[in-house]
Amino acid sequence: MAAAGGDGGEAAKSALAEMDRAQHAAEKKELEDRVSSLRADLEAKEGQLRSSQQTATDLEQQLQAKVNELERARADATKAMAEAKEAASSAAAATATATAAPAATSDDNNKSAELEEAMAKFKEDLAKSQADLSEAKESNTKLKEKLKKSIAKINEFKTAYAKKKEEIAALKEQVEQAKASQSSESDAKMQELEAKVASNDAKIQELEAEKARLIEEHASSSSAAQEQLKKQYEDEQAALRAELESKAAEAQKKLEADLEAERSRAAGVLGEAAETKQQLETTKEALEKLQSEHATLRAQNEENEAKLNDLEAQAADGAEAARQVEELTAALAERDKQLTEASKQYREEQVLRKQINNQLQDLLGKIRVYCRVRPMNSREKKMDAQECVRFPDSYTILLKKQETTKEGTHKFVEKEYEFDQVFAPGINGTQEEIFEQCRGLVQSAMDGYNVCVFAYGQTGSGKTYTIAGESSAPGLKPRMIHEVFDIAERTQKLYEYEVSAYIIEIYLDRLRDLFWQWDNRKNKNKKAPNLQPIKDAAKGIVYIKGAQEKTFTSAEEMLKALENAEKTRVVGKTKMNAASSRSHLIFGVRLKRTDKKDGKVYYGKLSLVDLAGSESVGKTGAAKQRLKEAQSINKSLSALSNVISKLASGGPSKFVPYRSNMLTLVMQDSLGGNAKTLMFVNVSPSETEFNESNSSLMYAKLVKEIKNTAEVDTETKEIARLKQVIAQLKAGQRVEDDEILTVDAGDDGGDAGDDGGDAGDDGGDAG
């Protein structure tokens with residue numbers, strides 16, 4: 001009936017597990033379908049967005065081309081305005097009446113600056129759609145008004161030019177009149193002078209006639225008188241001639257001076273007239289050029305107006321496209337948000353599923369397996385090795401490797417492993433974080449459970465660092481020891497505790513007591529005790545017969561004793577590790593807790609196992625004694641692998657080869673026994689250690705399938721007293737009758753039978 005009940009319970013558990021798996025599969029499929037639908041919608045929206053973005057890009061390019069044309073037109077207009085300004089400035093120097101032209105040019109220059117500002121603003125704010133186009137229209141209207149004003153100014157300039165031309169014609173007429181006047185005055189003076197000369201000639205002729213008459217009248221005069229008269233005549237004639245010559249010279253000089261002055265005045269007037277004529281010709285050329293440029297600007301303005309109308313139409317189309325792009329972008333963002341939320345929910349559900357699964361496995365007695373990845377070491381960094389691991393979440397590790405296909409191409413293949421917890425360097429892999437995940441095991445040991453923590457992995461993967469740590473970063477062992485005594489101190493009002501410990505190593509398949517080795521380190525000739533692993537069949541716990549078990553009252557006292565004992569452990573240097581463990585180290589803490597209220601006793605055990613690393617002789621370079629040690633280590637790990645494979649297979653045969661090796665014999669209560677067991681699989685992140693890391697992870701995956709049956713080791717106060725009485729009787733000690741009489745006969749017989757059974761089992765194990 002009990003067997004049938006057990007089968008029914010197993011069937012019910014199987015049915016519940018199957019229902020859970022089916023439910024999880026249905027939920028997963030529904031979520032995957034939902035994610036696929038969202039992804040398809042997202043891809044469709046992305047296609048629409050890309051199309052809209054391309055249309056917007058084309059419109060932007062067209063608008064940019066139009067803007068560039070407007071820029072070139074603006075540059076040409078600016079250049080024309082500058083030239084007009086220069087010509088107008090030249091005209092302003094020629095005449096003050098032509099000031100209207102420079103004023104018009106200045107206005108044009110101001111208009112050009114405003115046009116440039118409007119164009120720059122139009123280019124900068126084109127993306128603002130209709131508002132910017134309205135501003136461009138307003139700017140164009142202002143430009144038209146300014147051009148009209150410019151035309152008016154040019155007409156004024158034409159009027160001023162005609163007026164100036166008339167003034168110049170009048171000035172030329174005045175010059176001609178001046179020349180005629182000067183010529184008339186000169187002729188009059190010449191005539192007057194000639195008249196005077198003629199008058200003098202007439203007087204001379206009169207004097208000559210008078211001379212002839214006198215000669216003729218006084219022919220008869222004496223020669224002396226004639227001579228005197230002749231001399232007097234000559235003197236008068238010379239004086240008269242001198243006076244005439246002097247007056248003629250003075251008149252000539254005055255006439256020449258007056259003529260020279262008139263010539264200078266006429267030359268000045270002619271020069272001014274020529275300069276004014278040249279200025280007028282230059283102004284006329286500038287005016288003609290300005291008129292030509294004005295016509296060009298008008299044509300450009302009309303062309304710009306047409307382009308602006310085109311731009312308005314294109315901008316309207318662009319605004320519509322931009323609106324559609326915004327709508328599509330918003331829809332796409334919403335889809336992205338939904339997809340992100342769905343992915344987040346999916347990841348959270350995956351993590352929750354793994355947590356629930358881990359809790360279920362704990363309830364079913366499965367061994368918990370933690371994976372710890374160390375950082376890259378100096379040797380791997382020196383080799384420039386790459387990492388081959390990544391961590392999707394805190395329960396999963398992916399191992400990546402490059403493989404060659406049949407076609408000769410290379411591809412990366414990832415192998416996924418899931419464990420109860422994955423610790424990654426730089427994420428959650430500190431010593432403190434790891435201890436927090438293991439702290440509850442200490443309480444389990446204090447409550448009477450058999451607890452075992454062991455570290456497995458290749459040499460140099462960080463097993464000893466995880467278990468023991470170092471002074472600056474203590475590992476599990478010192479932290480758990482402190483936790484034991486901290487719990488004892490916190491609960492000392494409720495319980496009494498006895499804490500003892502032993503530490504042994506398995507070296508070359510032999511047990512070595514490290515407490516004994518330290519105590520007898522100076523006595524080299526003393527023979528070490530023969531240690532034997534013995535299993536208590538009733539409790540299912542293995543203890544080491546012959547090993548020293550020391551009692552401690554504080555964490556500091558125990559840690560000091562362990563520090564000394566571990567100095568006698570066998571270590572050696574290899575190419576992979578400067579201080580490689582050459583043995584398996586097993587540290588056990590035995591706990592006895594007595595309830596002060598009802599006398600109930602709990603027996604707990606906490607074991608920490610630092611396994612030696614699996615070794616590749618080619619990588620470690622082991623030789624002679626190191627080679628012998630490596631062969632022994634690999635042999636023991638191979639035996640452990642066989643035990644794990646047998647336990648994980650769950651086959652019909654119940655035989656498990658624990659006795660094939662000393663390591664499996666010592667650990668039989670931790671693998672498939674009654675212990676709460678936690679395994680750390682330590683791996684390297686380097687691609688150079690891919691094969692070893694993959695092998696370790698596959699090994700750990702098998703361990704995860706092993707089921708233990710953890711039970712509290714406890715006994716009542718009465719049973720504890722009876723066992724004490726039996727022990728006294730076996731030892732030949734006298735026991736009071738009233739002590740024996742208080743024991744129920746049925747219970748006594750049962751206990752005696754149990755004790756005998758234990759002795760028989762112990763004897764069988766010893767054999």
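## Chain overview

The protein chain exposes about 43,900 Å², and carbon and sulfur atoms supply 51% of this area (Shrake-Rupley method, 1.4 Å probe; for residues, only the protein chains shown count as cover). This is a predicted model, in which local features need pLDDT of at least 70 and side-chain atom pairs count only at pLDDT 80 or more, while totals for chains, interfaces and linings use all residues. Residues are numbered from 1 along each chain as its sequence is written, and side-chain values use heavy atoms, with hydrogens and water left out.

There are 17 helices and 19 strands in the protein chain (DSSP runs numbered from the N terminus: helices H or I, at least four residues; strands E, at least two). Of its 767 residues, 37% are buried (under 20% relative accessible area, 1.4 Å probe, protein chains only). Among contacts (heavy atoms within 4.5 Å) with a separation of 6 or more, 74% join residues 24 or more positions apart.

## Helices α12 and α14

Helix α12 (residues 625–649) packs against helix α14 (residues 690–703) at an angle of about 45°, with the axes 8 Å apart (lines fitted to C-alpha atoms over the stretch in contact; angles run from 0 to 180 degrees between N-to-C directions). The contact involves L637, L640, S641, I644, S645 and A648 of α12 and Y699, L702 and V703 of α14.

## Residue S696

S696 lies in helix α14. S696 is buried, at a relative accessible area of 2%. Leaving out residues up to four places away in sequence, S696 touches Y456, G457, Q458, V681 and V683.

Definitions and conventions: Buried means under 20% relative accessible area, exposed over 50%, partly exposed in between (1.4 Å probe, protein chains only).
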